[in-house]
Amino acid sequence: MNESAVFSAVFKDVSYSYHEEDGTVLKNLDFSLTKGSFNILVGPGGSGKSTLCNLFNGRTPHLMGGKLEGEVLIEGKSTADSEMKDLACRVGYVFQDPESMFATLSVEDEIAFGPENLLFEKQEILDSVEDLLDMTGIEEYRHNLVWNLSGGQIQKLGLASVLAMKPEIIILDEPTANLDPTATRQVHELILKLKSEGITILLVTRELDDFVSQADQILVLHKGELIGKGNPYDLLLEKGEEIDTLGVWLPETVEIGLGLMAAGYSLERMPITIKETMETLFSLGLIKEGESIKAPHKVYEQSSGAPLISGKDIRFSYGNGLYALKGISLDIHPGEMLAIVGRNGAGKSTTAKLLIGLNKCKEGSLDLFGKPSGKWKVPDLANHISLVFQNPEHQFLTDTVSDEIDYSLQSHGIFDKNKLAEEREKLLQMLELTEVKDDHPFSLSAGNKRRLGVATMLVGDPKVLIVDEPTYGQDREMTRTLMQIMCAIQERGVSIVMISHDMRLVEEYADRVAVFSEGLKHFDGVPTDLFKEPEILKTAYLQQTLLNQMLGCLKEKGINVEGHIPGTESFLKIILKNREAA
Amino acid sequence: MNDFDLLNNISLGQYRPGDSLLHKLHPALKISALVLLMVLVLISPLLPHLPLMFLLITLMVRLSGQSLFKLLKGTGPVLPFLLIIALIQMFLIPREYSTPSLLELGPFGVHREDLIFTAKLFGRFFTLFLLFTLFTTVTTISEISHGAEILFRPIGRKRALSHDLSLVITITFRFIPILAMEAEHITKAQASRGGSFGTWKTGLIKKIRLYIPLLVPLFIAALERAETLVEAMEARCYEPGQERSRLTEYAWNGRDSWSLAVLLILFLLFTGSRFILSIGGNYV
């Protein structure tokens with residue numbers, strides 16, 4: 001049988017190392033992508049995913065050099081024998097941050113860039129631009145500048161500009177890593193549309209959600225080795241446990257399935273969608289109609305003292321006549337973990353900037369630590385409230401970890417040598433950075449960079465710490481680590497404000513949640529109450545966690561769900577206990 | 001105005017959509033006109049050419065439907081520097097004087113020549129500034145790059161060189177918001193660590209010193225972005241020196257011919273009166 005008629009890409013025992021003497025980055029990879037199939041490549045950070053992607057379009061080894069063993073066949077032709085230009089037309093690669101691949105200025109020109117390089121006729125280019133704008137739904141932005149697009153639109157444009165080359169295989173590198181749930185869904189729909197058009201798709205990701213049920217094949221990469229491949233249902237049943245330990249987010253439905261297996265139940269099929277999970281639970285007799293699932297209510301005790309920060313009717317505009325905030329009132333109390341959630345552009349970051357004084361509150365009133373915000377200077381305010389940025393590297397200024405902390409201490413007015421050393425030690429110990437204190441900040445591991453980022457922000461004992469998008473570009477382990485640091489800091493009496501659109505974090509960690517949408521606050525209260533009101537989430541373009549969606553479905557089936565269930569673990573505990581009791 | 005939103009503070013290069021004659025001109029013509037008019041401004045004597053040029057450009061502003069005040073607003077931040085330069089020019093730079101000094105301040109004296117020179121400096125600065133802002137107000141950045149490509153065509157042995165040159169222009173513009181955004185991120189990050197960005201009451205030298213730590217991360221970011229961009233362009237079959245086709249092409253209209261004729265006549269009138277008739281004296 002002719003292989004190239006069936007497979008778009010075939011990897012035959014492929015190993016690769018960047019330098020002869022270095023260890024192999026990829027080891028004995030053996031897999032193939034069927035034509036027109038939808039494949040997901042999953043693995044934690046640093047598992048070799050990008051190196052693998054570069055093998056598809058011939059960048060490796062044509063440009064990167066290194067030592068390639070085995071054979072990569074694209075449409076039946078070995079990449080080693082093909083020209084990069086030919087490969088580039090066959091394999092479209094959408095970068096993790098598509099904005100960084102835009103070479104022109106307007107949306108229309110960007111889509112045309114590839115076909116122009118291929119010397120397509122003007123009319124042909126125009127036709128395909130029209131088609132792609134229509135297909136990706138960014139028609140109305142065709143004359144926009146590429147830097148004036150939202151995150152979702154950037155992904156769509158990235159995809160469109162790669163599709164314009166009419167590739168047979170599309171590689172998408174973490175397309176939804178920083179998109180809000182609504183935009184994520186749109187990108188997912190687009191992927192399915194491509195699949196129906198017969199394009200082979202490889203989606204690279206660090207996290208799996210229930211979209212995985214649509215895939216034809218999952219490839220699991222860990223430390224350069226393919227530790228699993230196959231149909232999602234079989235693979236997750238077989239290797240779910242192992243994938244979980246890699247630090248990859250799994251859908252909550254699969255977590256439930258794995259939990260059941262760990263509790264000694266045997267499953268024939270791993271549940272991935274909500275419906276499947278409910279069927280599994282019913283068929284195992286773990287949930288029966290008319291039963292109730294009771295969890296302790298999460299009681300949120302607001303500290304009795306005056307709020308640290310109190311804002312009333314804040315309106316804010318960046319001076320272009322449009323209001324980013326249209327009358328927001330928000331209090332922050334001592335020692336609480338507040339989550340501010342909302343889609344991109346809902347006003348979350350604007351609020352954060354107001355709180356740390358980078359934006360000035362002109363309309364409405366904002367009291368920070370008992371003083372109107374207008375009377376604060378940014379450097380003074382930094383002693384009381386700090387922002388941990390998405391990208392910790394932006395904050396690094398010096399050559400060693402110790403210097404980095406010293407810099408912060410000095411900018412807080414501590415110059416005495418003994419005092420400086422004492423404070424530095426305290427911070428290094430608290431964030432477990434002592435071992436790397438002489439390293440260069442940029443050479444730290446991602447986790448330690450995060451820690452250092454937090455350490456520099458803790459100088460001067462702030463009373464409030466804001467964390468901007470703790471999940472941004474992080475795998476599960478990193479997010480967990482960061483949130484655990486935050487919880488430890490919260491226990492010391494510091495209020496934590498978490499800005500996110502990840503409802504799973506909110507469910508798990510937040511004491512209180514404020515929902516922002518279009519510059520207005522739609523909800524302020526305990527997370528459990530929020531999940532009872534799906535309408536609010538919908539208007540804020542947010543999405544319930546799978547677990548809560550399932551609990552909602554269970555309620556519809558007449559099952560009584562009460563209390564706060566922060567995650568699949570506690571959900572499993574409750575239903576298993578119910579069984580024992582019965 | 002918020003000091004952190006650097007993007008909003010960049011007033012040059014802000015295209016404002018419109019439907020005027022100036023907006024609709026052929027991009028190559030717009031660029032040539034910009035260059036010709038700039039040359040004219042630079043060789044104009046203080047009287048009577050410079051005010052005439054200013055008037056002419058003001059007329060063009062009218063024609064484009066923009067407000068003169070808005071276009072000139074961008075000069076605000078540079079004015080202090082301009083004043084310092086003017087003072088240095090007036091008092092410190094020696095010139096050949098044919099007249100006695102008008103004003104004596106200790107060792108420094110102000111002569112008629114100094115005043116003329118300073119007036120010319122200001123006149124040219126404002127005229128050029130207005131001209132350039134007007135140009136960027138009526139020309140989109142992709143028009144600039146397409147226009148440049150057309151103008152470069154005769155230079156290259158093959159068309160490919162003009163493609164590359166115009167791409168260089170495009171990418172230069174592409175990096176303005178990238179750098180501004182990175183700078184914004186970094187200043188914010190550092191300000192929230194207790195740096196004194198955003199409090200502009202510090203002195204000029206201190207202000208400059210504050211920005212030095214910004215440069216290293218900014219350059220790293222810019223180089224990283226450039227590298228990614230190269231990868232991305234190669235992944236989309238871009239090869240330097242190769243011919244490319246073009247999605248947008250611009251047609252040359254009757255109004256373009258008319259405008260070109262007016263422009264050339266103007267150019268001849270001004271240069272002729274300046275160099276052949278020597279109107280305006282010998283101060284260049």
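1. Domains of chain A. In this predicted model, chain A is divided into domain 1 (3-247), domain 2 (259-298 + 547-581) and domain 3 (336-352 + 376-546); such bounds come from an automatic or database domain assignment. Residues are numbered from 1 along each chain as its sequence is written, and chains are lettered from A in the order in which they are written. Because the model is predicted, local features need pLDDT of at least 70 and side-chain atom pairs count only at pLDDT 80 or more, while totals for chains, interfaces and linings use all residues; side-chain values use heavy atoms, without hydrogens and water.

2. Domain 1 against domain 3. The centres of domain 1 and domain 3 of chain A, taken over C-alpha atoms, are 32 Å apart. Twelve residues from domain 1 of chain A and 14 residues from domain 3 of chain A take part in the contact, where contact means heavy atoms within 4.5 Å. About 1,300 Å² is buried between these two domains, and carbon and sulfur atoms give 43% of this area; buried area is the accessible area (1.4 Å probe) that two parts lose on being put together, summed over both. On the side of domain 1 of chain A, the residues that lose the most area to domain 3 of chain A are A:N178, A:D180 and A:P181, together 38% of what that side buries.

3. A salt bridge between the domains. The rule finds one salt bridge across the interface of domain 1 and domain 3 of chain A, a salt bridge being a side-chain nitrogen of Lys or Arg within 4 Å of a carboxyl oxygen of Asp or Glu. The side chains of A:R343 and A:D180 form a salt bridge at 3.7 Å, N to O.

4. Aromatic pairs. Over all chains, the count is eleven aromatic pairs; rings of Phe, Tyr and Trp (its six-membered ring) pair if their centres lie within 6.5 Å, and planes under 30 degrees apart count as stacked, over 60 as edge-to-face and the rest as tilted. The ring centres of A:F38 and A:F211 are 5.4 Å apart with planes at 45 degrees, so this pair is tilted.

5. Chain B against chain A. Here 47 residues of chain B are in contact with 54 residues of chain A. The buried area between the two chains is about 4,700 Å², with 60% from carbon and sulfur atoms. Four salt bridges are found across the interface of chain B and chain A. The side chains of B:R236 and A:E110 meet in a salt bridge at 2.4 Å, N to O.
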